[in-house]
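Colleague: Hi! Could you walk me through this one? I'm ready when you are.

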Amino acid sequence: MTGASFAGRDLIDSRFAAWRLVVALILMTIGGAGMYVVPVVLPVVQAEFGVARGDVSLAYTLLMIGFGVGGVLMGRLADRFGIMLPILIGAVCLSLGFVAAAFSGGIVAFMLVHGILIGLMGSAATFAPLIADASQWFEKRRGIAVAVCASGNYLAGTVWPPIVQAGVEAVGWRSTYLALAGFVLVSMTALALTMRMRPPPAQAAASVAGALASDRPFGFTPGQAQALLCVAGIACCVAMSMPQVHIVAYCGDLGYGAARGAQMLSLMLGFGVLSRLISGAICDRIGGLRTLLLGSTLQCVALFLFLPFDSLWSLYLVSALFGL
C-alpha cells in the first residue's frame, strides 16, 4: 500500500484522533482563505479593472465551480495516497494562485486564476478530503467530529475578511494576495507533513455500507441518495453564497463602507461556525435527514430577512441570524 501503514483500531476516538481533528480544522481554516478574499476585494478590483460587478463576481462563481469539481479529484487522490498528498498539492497551487492573481493584468486572467489554481487545485484540497479523513477516525461522536472539521470553512470566513480588508487598506489588494501566498505555502506544507498516517482499517465503514445497501438511505438506492444530496448541496450553497459574496459591496452601495461589510461577513460566518457545531450535535441525536430539513427551513427564513431590512444595525443582526 502506498504511503504510511494503517493505524491500529485503538486509535479511533483517541487523543491522537482528536489531535488530527484539530490539525484538520486549522488546515481548513487556512485553505479557506481562497474562498473569502473575492468578496472583500470585489469593490477595489472592480474599480481598478473598470468592469461591472457581475464580472468580478464571476471570479467567485468559477472559484466555487472549481472548488466542487476539485473536491472530487482531491478526494480520489486522498483515497489512493492518503490525505497528505492532496494537502501538499493544495498548498502549492493555492499559493501560486494568489501570486498569479496578484499579477493579473485583466479581469479574464483574474477569473481563470481563481477558478483553476485557487478553487480547483487549491482550496478544494482542504474541504471534502479533510472531512472524509476526519470521519474515519471517529465512531462514537462522528457527527460532531465532522461538524468541527467542517466548521473550519466558516472559521476561515470569520478570520480572513477583516485581515484581508486591513491589508487592502494598508498595502493594496495585490500585495495582500502576495502576503497570503507566502503564509499559505509555509503553514499548510508544515501541517500537511504531520498528516502522514493513514486512517484505521475501514471495518466500521464496511458495516455502514452493508446497512445502507439493505436499508436504502432515505428510501432510495445509494446512488439516488447521493445524487439528491448533491442537488441539495448546490441549492444550499447558491442561497448561502449570495449574502456572502455581495455583503461587502452592498454595504458600500448603502454608504456604510467596505469595512462594515467585511465585519458583517465575518460575523455571519462566525455564527456559521456555531451553527455547524450545533448541527453536528443535533445530527448525532435525530439523524442527518431531519437535521438537513431543519437547517434548510431556517436558512430560507433568514435569507428572506435581507429583503425588508437595510439599516446598519439591522444588517448586522440579519447577518448573524443568517449565519446561525
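Modeller: Happy to! Let's start with Q299, which sits in helix α13, residues 288-304 (helices are DSSP runs of H or I, at least four residues, numbered from the N terminus). This is a predicted model, where local features need pLDDT of at least 70, side-chain atom pairs count only at pLDDT 80 or more, and totals for chains, interfaces and linings use all residues. Residues are numbered from 1 along each chain as its sequence is written, and side-chain values use heavy atoms, with hydrogens and water left out.

Colleague: Is Q299 buried or exposed?

Modeller: Q299 is buried, because its relative accessible area is 17% (buried means under 20%, exposed over 50%, partly exposed in between, with a 1.4 Å probe and protein chains only).

Colleague: And what does Q299 touch?

Modeller: Leaving aside residues up to four places away in sequence, Q299 touches C236, A239, M240 and F322 (contact is heavy atoms within 4.5 Å). The Q299 side chain also reaches the backbone oxygen of C236 at 3.3 Å.

Colleague: New topic: which residues have the most contacts inside the largest nonpolar core?

Modeller: They are F98, F110, L130 and Y177, in a core of 77 residues. Such a core is a set of buried Ala, Val, Leu, Ile, Met, Phe, Trp, Tyr and Cys residues joined through side-chain atoms within 4.5 Å.

Colleague: What are the partners of Y177?

Modeller: Beyond residues up to four places away in sequence, Y177 touches V37, V38, V41, F98, A101, A102, F110 and H114.

Colleague: Where is F220?

Modeller: F220 is in the loop between α10 (203-215) and α11. F220 is partly exposed, because its relative accessible area is 34%.

Key: Helix = DSSP H or I, 4+ residues; strand = E, 2+ residues; numbered from the N terminus. Polar contact = N/O pair within 3.5 Å; in protein donor to acceptor, adjacent residues only side chain to side chain.
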